Amino acid sequence: MSDRFGTPPEEVERLWRLAKVRALCRKLKILRINVRAGMIRITVAERPEVNGTALVQMAERNRRYMQLLPGREAVLQFRTATLGIEPLDWLEQHLVKLMK
């Protein structure tokens with residue numbers, strides 16, 4: 001995004017990226033995302049708007065790094081530390097693939 005004042009600062013660009021991820025989370029009915037020390041944990045609502053087939057395929061393709069945790073709330077856990085990927089980059093790349 002650029003306007004008559006030039007390219008926005010990196011912090012502004014990051015805020016726009018976060019806003020897009022948050023909007024996508026609302027559409028998918030993702031309750032929360034926790035990012036801690038090389039780990040992303042995504043908690044979904046009881047009836048998420050997630051493409052179940054795409055979710056299972058994603059988990060199978062990334063089984064070394066990703067797992068679905070059963071429980072009261074469904075949790076998708078992804079280990080990013082060994083891949084060296086920024087959590088926001090991963091979320092932008094993968095959440096869109098879960099749209100119905």
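Tyr65 and Phe78 are both buried, a term that stands for under 20% relative accessible area, with exposed meaning over 50% and partly exposed the range in between (1.4 Å probe, protein chains only). The model is predicted, and local features need pLDDT of at least 70, side-chain atom pairs count only at pLDDT 80 or more, and totals for chains, interfaces and linings use all residues. Residues are numbered from 1 along each chain as its sequence is written, and side-chain values use heavy atoms, with hydrogens and water left out.

Rings of Phe, Tyr and Trp (its six-membered ring) are taken to pair if their centres lie within 6.5 Å; planes under 30 degrees apart count as stacked, over 60 as edge-to-face and the rest as tilted. This rule gives two aromatic pairs. Tyr65 and Phe78 make a tilted pair, with 6.5 Å from centre to centre and 50° between the planes. The pair links distant parts of the chain, 13 residues apart: Tyr65 belongs to the loop between helix H2 (52-61) and strand E3 (66-69), and Phe78 to strand E4 (residues 75-79). Helices (H or I, at least four residues) and strands (E, at least two) are DSSP runs, numbered from the N terminus. Through ring pairs, Tyr65, Phe78 and Trp90 are joined into a cluster.

Four strands form an open sheet in the order E1-E2-E4-E3, with antiparallel pairing. Strand E1 (30-36) and E3 are at the edges with a single partner strand each, so one side of each has no neighbour in the sheet. On average, neighbouring strands of this sheet are turned by 15° against each other, direction ignored. Two strands pair if DSSP finds at least two bridges between them. Strand E2 (residues 39-44) and E4 run antiparallel and are joined by five bridges, while four bridges join E3 to E4, also in antiparallel fashion. Gln77 in E4 has Arg41 opposite, and Gln67 likewise stands opposite Gln77. Of the five residues of E4, four are buried, which leaves this strand mostly covered. The hairpin of E3 and E4 has five residues between the strands, and Gly71 in this hairpin takes a positive phi near 155°.

Thr43 lies in strand E2 and has Val75 as its bridge partner in E4. Thr43 counts as buried because its relative accessibility is 4%. Contact is defined as heavy atoms within 4.5 Å. Leaving aside residues up to four places away in sequence, Thr43 touches Ile30, Leu31, Arg32, Glu73, Ala74 and Val75.

Helix H3 lies across E1, E2, E3 and E4 and runs at about 40° to E2; axes are lines fitted to C-alpha atoms, for helices over the stretch in contact, and angles run from 0 to 180 degrees between N-to-C directions. Leu98 is placed in the segment after helix H3 (87-95). With a relative accessible area of 4%, Leu98 is buried. Its contacts, not counting residues up to four places away in sequence, are Leu28, Glu49, Val50, Asn51, Ala54, Leu55 and Met58. Leu98 and Gly52 are 46 residues apart in sequence, and their C-alpha atoms are 7.7 Å apart in space.
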